[in-house]
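Open the model in your viewer and keep the selection panel at hand. We will go stop by stop.

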Amino acid sequence: NVLTLMLTRILVGVGSATMSVCRAHVTRTTPKEDRTFHFAYLSALQFVGFAVLPGLGGVLAALPTVNVFGFMELNAFTYPGLVLLLTNVLVIFLLYWYYLDPPEEVSRHKPTQSSAQSQTPMPDDSPDWLALMCCLLINVCFRGVVAELETLASPVLMETFDEDVETSSYVIGSLGFIGLFVYFGFKPIARTFSDRQLVFVGLVLISLGNLLLYQRLFPLPLWLYATGLGLIWSLAYPLGQTAVLSLFSKILAGLPAGGFLGIFSACGSLARVIFATFSGLVWSYFGSTAVFGLTSLYGVLMMLLTLVIYSRLVPARQTLP
């Protein structure tokens, strides 16, 4: 039933607003120098849902079809819904029993002498609105492109490479596991590279991955298709999306974190809707390669925008290089 599917997607979209609350919690309870890898740990759990659990879909698809209570059929398409339902019920109870709101005044780690010397307060504490807008556009790029992959990755595997649902799920789930390792290994990455460097690297990888999927110089074998997906799904998104989220929270200065991180999440959710719908239309009229060509173009444009205002993509109250 298409109407029921649309209603459930609307409810899921409303429920995803909880991510803004989680991100505001991280912003309020972590110092700037540690915030990036804490955002990575938070994003890793979200990443499990849309990039790793498709592998579980392959396992569930192999289960036999069962009719429960005479009106509910459990099959390859409804088993995942049941698993998510039970998971959300468990999370609700855990939230009620164990979650505590952070105090209004959270003690921060004092900066080290070296970091204190390297940061000089700006003349005012106002945020850089151009940098914030750039972060929102980059966020749209990462979230939108991944939404396109969610829409196209499995159908292309089944249509172009003649793979079945189980195999497609395993391929995508395996790439998700690689991305999960990137997330949980983010602490040394964040200590080595700045947020803006990681954002730029993410945009480079997302452009290369899409160009690889778009190229028409030779037939695309399965391993090369998986490589292109991996550059985007397993590397570009974990690195770039986490870094741009962290950078956005640091540029906010005195602005309310919860409200503006809600705007950040809303832009990402809107990008997911628009990019996924647009990719379906483009694929219907011009084929899947045209979709990858357009996303390559958008990734390159975001790279150029990042280079233009690169010097301004720094946390508030930090001396510009």
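Select H7 (residues 165-184) and H10 (residues 222-251). In this predicted model, the axes of the two helices come within 9 Å and cross at roughly 30°. That makes H7 roughly parallel to H10. The crossing of H7 and H10 is right-handed.

Stay on H7 and pick Ser-169. Is Ser-169 buried or exposed? Its relative accessible area is 11%, so Ser-169 is buried, the cut-off being under 20%.

Next, show H6 (residues 129-160) with H12 (residues 288-308). Their axes lie 11 Å apart, at an angle of about 160°. H6 is therefore roughly antiparallel to H12. This crossing is left-handed.

Zoom out for the overall count. The protein has 12 helices and 2 strands. From the N terminus, the order is α-α-α-β-β-α-α-α-α-α-α-α-α-α. Of its 321 residues, 41% count as buried.

Now the charged pairs. Side chains of opposite charge can pair when their charged atoms come close. The whole structure holds 4 salt bridges; visit these among them:

- Select Asp-34 and Arg-191: the closest N and O atoms of this salt bridge are 3.0 Å apart. Asp-34 sits in H3 (residues 32-61) and Arg-191 in H8 (residues 186-192), 157 residues apart. Asp-34 is buried at 15% relative accessible area, whereas Arg-191 is exposed at 52%.
- Select Arg-312 and Asp-128: here the closest N and O atoms are 2.9 Å apart. Arg-312 is in the segment after H12, and Asp-128 is in the loop between H5 (113-118) and H6, 184 residues apart. Arg-312 is partly exposed, with 34% relative accessibility.
- Select Glu-150 and Arg-272: their side chains form a salt bridge of 2.9 Å, N to O. Glu-150 lies in H6 and Arg-272 in H11 (residues 257-286), so the bridge ties together parts 122 residues apart in sequence. Glu-150 is partly exposed, at 28% relative accessible area.

Last stop: the surface. Which residues form a nonpolar patch there? Select Leu-85, Val-89, Leu-90, Phe-93, Leu-94, Tyr-96, Trp-97 and Tyr-98. Together they have about 970 Å² of accessible area. Centre on Trp-97, in H4 (residues 79-98). Its relative accessible area is 57%, so Trp-97 counts as exposed, the cut-off being over 50%.

How values were computed. Residues numbered from 1 in each chain as written. Predicted model: local features only at pLDDT ≥ 70, side-chain atom pairs only at ≥ 80, totals over all residues. Heavy atoms only, no water. Helix = DSSP H or I, 4+ residues; strand = E, 2+ residues; numbered from the N terminus. Buried < 20%, exposed > 50% of the residue type's maximum accessible area, 1.4 Å probe, protein only. Patch = residues over 30% accessible without salt bridge, like charges linked within 9 Å, V, L, I, M, F, W, Y side chains within 5 Å. Areas by Shrake-Rupley, 256 points an atom, 1.4 Å probe, with all protein chains shown as cover. Axes fitted to C-alpha atoms, helices over the stretch in contact; angles between N-to-C directions. Parallel < 35°, antiparallel > 145°, perpendicular 65-115°, else oblique. Left-handed = near helix turned anticlockwise from the far one by under 90°.
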